[in-house]
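Work through these exercises with the sequence and the model open. Try each task before reading its solution.

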Amino acid sequence: MKKNIMITGALLLSVAIWTGCKKITVGFLSDDVYYVGSPFQVEKGKNGFLTSELKGDGSTVPLKIKLLKIKRKGTDQNADELFKEVPVYIYKTAFDPEVHTTLEKLNSIRELKSKPIFEFLPSGQFLFTAGTAVIPTGSQYTFDLELSNESGTKTYTNIGELDFVEAQAFSINRNSATYLQDGGATFESLPPVEITVTKTAPTGTNVVVKYVDEDGVPFNPKAGELIVRGDRPTLDSYAKFNPVIKTDTEMSLNFEIIPFPYKTITGYGSFDIFYRIPSEFVKVTNPKASYPANTRFNINPAIGFQLKQEGNYLVEVKIIGIKRK
């Protein structure tokens, strides 16, 4: 019995010595960390676009995440274009269209600074600015990370992908038109107005609006061929920072703030814009048969659109069923 006790004690002592000599692993750093949603569809020109965070797959926290490299997909070439700084407005306080109604007031709460296209956050997320507008559509990138915690450091190659895609640049919210007899009170409907929106530059905040007849002949805003309709909203109702510039063929406005219009006007929920084309400048090609020959009509186009990205735009409004005189 005594002998058995001595043997058991020796074994326990051996185990204790062996345990004391063995290196104990501290913490855990997984080989299988991952992103939910990769490849990320980065919407160009969208300020504040944010990817998902890195998932540690049970790795011990705190976990330090370092961005090592962004590469053009399929190559080992550095994506230098993503590390360039671009001019962006930084706001000191939130913009309020009811308060900041002049360019002076607007500029008092913002400052133009050169900023990187993205910020890499401690969570492993990418936060992009509107500067992504300059990245060509269809550009694809992969990136490498270095992770470290109390258990050590590991490198993860091609752990995620960034694909730059076109975001929705605009929406069309209203496209109607009516004609009204001079001195009359009854509106008749024209076919739906055809609105074409073209982004002419990736940066800027300018919109050109052109009203044309069914043959594409433009009306002359400068000569009074487009006039306001009482107190209904017009182009400049939605941004008063700069005046509307009128030429022989178009109107243009620097609206300063994206989206434009920033908000609707009470009673006009589709970002409505109204003008009237006086009867001396236009004729209806196929009026109702009940009107006498040579009846003159005023034309009342009603449009609504919103520009959602920074850039310069051309908005052409084609009014079907009329011709410019």
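**Exercise 1.** In this predicted model, find the backbone nitrogen that lies 2.9 Å from a polar atom of the side chain of Glu225. Then describe the setting of Glu225.

*Solution.* 
- Step 1. The backbone nitrogen belongs to Asn220.
- Step 2. Look for side-chain partners. The side chain of Arg324 makes a polar contact of 2.8 Å with that of Glu225.
- Step 3. Glu225 sits in the loop between strand S15 (205–212) and strand S16 (245–246).
- Step 4. List the neighbours. Leaving out residues up to four places away in sequence, Glu225 touches Phe219, Asn220, Arg276, Ile277, Pro278, Phe281 and Arg324.

**Exercise 2.** Decide whether Glu225 is buried or exposed.

*Solution.* 
- Step 1. Take the relative accessible area of Glu225, which is 5%.
- Step 2. Apply the cut-off: buried means under 20%.
- Step 3. Glu225 is therefore buried.

**Exercise 3.** Describe the largest pocket: its volume, its lining and the strands that supply it.

*Solution.* 
- Step 1. The largest pocket holds about 1,000 Å³ of space.
- Step 2. Its lining has 38 residues; Asn47, Val88, Tyr89, Ala130 and Glu310 lie nearest the centre.
- Step 3. Strands S6 (85–91), S7 (110–116), S8 (118–120) and S9 (126–128) each supply at least two lining residues. S6 gives the largest share, 6 residues.
- Step 4. Sort the lining by type: 20 nonpolar, 10 polar and 8 charged.

Definitions and conventions: Residues are numbered from 1 along each chain as its sequence is written. This is a predicted model: local features need pLDDT of at least 70, side-chain atom pairs count only at pLDDT 80 or more; totals for chains, interfaces and linings use all residues. Side-chain values use heavy atoms; hydrogens and water are left out. Helices (H or I, at least four residues) and strands (E, at least two) are DSSP runs, numbered from the N terminus. Buried means under 20% relative accessible area, exposed over 50%, partly exposed in between (1.4 Å probe, protein chains only). A polar contact is a pair of N or O atoms within 3.5 Å; within protein, one must be able to donate a hydrogen and the other to accept it, and residues adjacent in sequence count only if both atoms are side-chain atoms. Contact means heavy atoms within 4.5 Å. On a 1 Å grid over the protein atoms alone, a cavity is a set of points where a 1.4 Å probe fits but cannot get out, and a pocket is an open set with protein on both sides within 12 Å along at least five of seven lines; lining residues have an atom within 4 Å of a point. Grid points are joined across faces, edges and corners, and a volume is the space filled by probe spheres set on the points. Ala, Val, Leu, Ile, Met, Phe, Trp, Tyr, Cys and Pro count as nonpolar, Asp, Glu, Lys and Arg as charged, and the others, Gly among them, as polar.
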